[in-house]
Amino acid sequence: MNSEELRLTDYEKGFLTGFYFTEPDIQKDRLNRDEDNDWYGVHIGERVFDLCVWKDDDIDNEVCVVYECYLNDGGFWNTDTSKQWFLKESKDATKPKEL
């Protein structure tokens, strides 16, 4: 899959970066994270994002990719993985297993 870069404002990038580095659940999970990916949702104004975090094959490298979410007709949020923004990446990051 060849994803396009997700368009974000500087404010959104700063907010998402701050969320990633300060959210207690992300920090707690970091202590026990393995190669499986974890998902965290965040609202910024009218937009909703999913942060997908996982350990790359090299256990010392954590990766975080941001996707935008859209409300479907059933009232549930869907993650659009066609566009992404690498908030934190390792040199040779692999894709999350579930995508």
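Is tyrosine 11 buried or exposed, and what is its relative accessible area?

Author: Tyrosine 11 is exposed, at a relative accessible area of 57%. Here exposed means over 50%, buried under 20%, and partly exposed in between, using a 1.4 Å probe and protein chains only. The model is predicted: local features need pLDDT of at least 70, side-chain atom pairs count only at pLDDT 80 or more, and totals for chains, interfaces and linings use all residues. Residues are numbered from 1 along each chain as its sequence is written, and side-chain values use heavy atoms, without hydrogens or water.

Now the rings. Phe, Tyr and Trp (its six-membered ring) pair if their centres lie within 6.5 Å; planes under 30 degrees apart are stacked, over 60 edge-to-face, and the rest tilted. That rule gives three aromatic pairs. One of them joins tyrosine 11 and phenylalanine 15: the centres are 6.1 Å apart and the planes sit at 40°, so this pair is tilted. Both residues belong to helix α1 (residues 10-22), four residues apart, and are separated by about one helical turn. Helices are DSSP runs of H or I with at least four residues, strands are runs of E with at least two, and both are numbered from the N terminus. Phenylalanine 15 is partly exposed, at 34% relative accessibility.

Tyrosine 20 and phenylalanine 21 form another pair. Their centres are 4.7 Å apart, with 80° between the planes, and the pair is edge-to-face. Tyrosine 20 is buried, at 0% relative accessibility. Phenylalanine 21 is partly exposed, at 46%.
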